[in-house]
Amino acid sequence: MKGGVYFLKMYKAAAVARWLDMTERNVRLLRDKGVLAECKPGLYDLKTVTVQYINFLRQKNPEAEDRVDYNTERAKVMRAKRESEEL
């Protein structure tokens with residue numbers, strides 16, 4: 001921050017694609033769908049698009065995070081391991 005003004009560093013679709021581990025084409029498709037927002041034509045804020053992409057993935061699969069009980073899953077793994085050792 002300089003003198004109370006925040007300068008936002010913006011990146012092209014190629015950098016966003018590398019950051020999100022996808023192709024530039026996919027970045028443009030997500031932009032066209034309204035998932036990712038450009039700050040200026042062809043330029044993106046990495047922090048913003050990362051949050052937007054995470055929210056998109058959560059909406060795409062809402063049960064993934066909400067339904068996973070890690071203690072239950074760990075108990076299943078331990079039970080399977082014990083049964084395997086008993087055999």
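Which side chain of opposite charge is nearest to Asp45, and how far away is it? I looked that up first. The answer is Lys47, at 7.1 Å. Asp45 is buried yet has no salt bridge. For the charges, Lys and Arg count as positive and Asp and Glu as negative, while His and the chain ends are not counted. Buried means under 20% relative accessible area, exposed means over 50%, and partly exposed is in between (1.4 Å probe, protein chains only). A salt bridge needs a side-chain nitrogen of Lys or Arg within 4 Å of a carboxyl oxygen of Asp or Glu.

**Ground rules**

I'm working with a predicted model, where local features need pLDDT of at least 70, side-chain atom pairs count only at pLDDT 80 or more, and totals for chains, interfaces and linings use all residues. Residues are numbered from 1 along each chain as its sequence is written, and side-chain values use heavy atoms, with hydrogens and water left out.

**Entry: more on Asp45**

I found Asp45 in the loop between helix 2 (24–33) and helix 3 (46–60). Helices are DSSP runs (H or I, at least four residues), strands are too (E, at least two), and both are numbered from the N terminus. The Asp45 side chain does have a polar partner: it makes a polar contact with the side chain of Thr48, at 2.5 Å. That term means a pair of N or O atoms within 3.5 Å; within protein, one must be able to donate a hydrogen and the other to accept it, and residues adjacent in sequence count only if both atoms are side-chain atoms. Leaving out residues up to four places away in sequence, I see Asp45 touching Leu8, Lys9 and Cys39. Touching, or contact, means heavy atoms within 4.5 Å.

**Entry: the whole chain**

I counted 5 helices and 0 strands in the protein chain. From the N terminus on, the elements run α-α-α-α-α. The chain has 87 residues, and buried ones make up 17% of them. I also checked contacts between residues at least 6 apart in sequence: 50% of them join residues at least 24 apart. The accessible surface comes to about 7,400 Å², with 52% belonging to carbon and sulfur atoms. Those areas come from the Shrake-Rupley method with a 1.4 Å probe; for residues, only the protein chains shown count as cover.

**Entry: helix 1**

Which residues of helix 1 (residues 13–20) are buried? I noted Ala13, Ala15, Val16, Ala17 and Leu20. The buried residues of this helix pack against helix 2 and helix 3. Just after helix 1, I spotted Asp21 with a positive phi of about 60°.

**Entry: salt bridges**

How many salt bridges does a search of the whole structure find? It finds 3.

In one, the side chains of Glu24 and Arg28 meet at 3.9 Å, N to O. Glu24 and Arg28 are 4 residues apart in helix 2, so about one helical turn separates them. Glu24 counts as partly exposed because its relative accessibility is 39%. Arg28, at 35%, counts as partly exposed too.

Asp32 is at 56% relative accessibility, so Asp32 counts as exposed. Arg31 is partly exposed at 26%, and Glu38 is partly exposed at 31%.

Not counting residues up to four places away in sequence, Arg31 touches Leu36, Glu38 and Tyr44. I also checked Arg31 against Ala13, 18 residues apart along the chain: their C-alpha atoms are separated by 9.8 Å.

**Entry: aromatic rings**

I found 1 aromatic pair in the structure. Tyr53 and Phe56 form this pair, and it is stacked, with 6.2 Å centre to centre and 25° between the planes. Rings of Phe, Tyr and Trp (its six-membered ring) pair if their centres lie within 6.5 Å; planes under 30 degrees apart count as stacked, over 60 as edge-to-face and the rest as tilted. Tyr53 and Phe56 both lie in helix 3, 3 residues apart, about one turn of the helix. Is Tyr53 buried or exposed? Tyr53 counts as buried because its relative accessibility is 18%.
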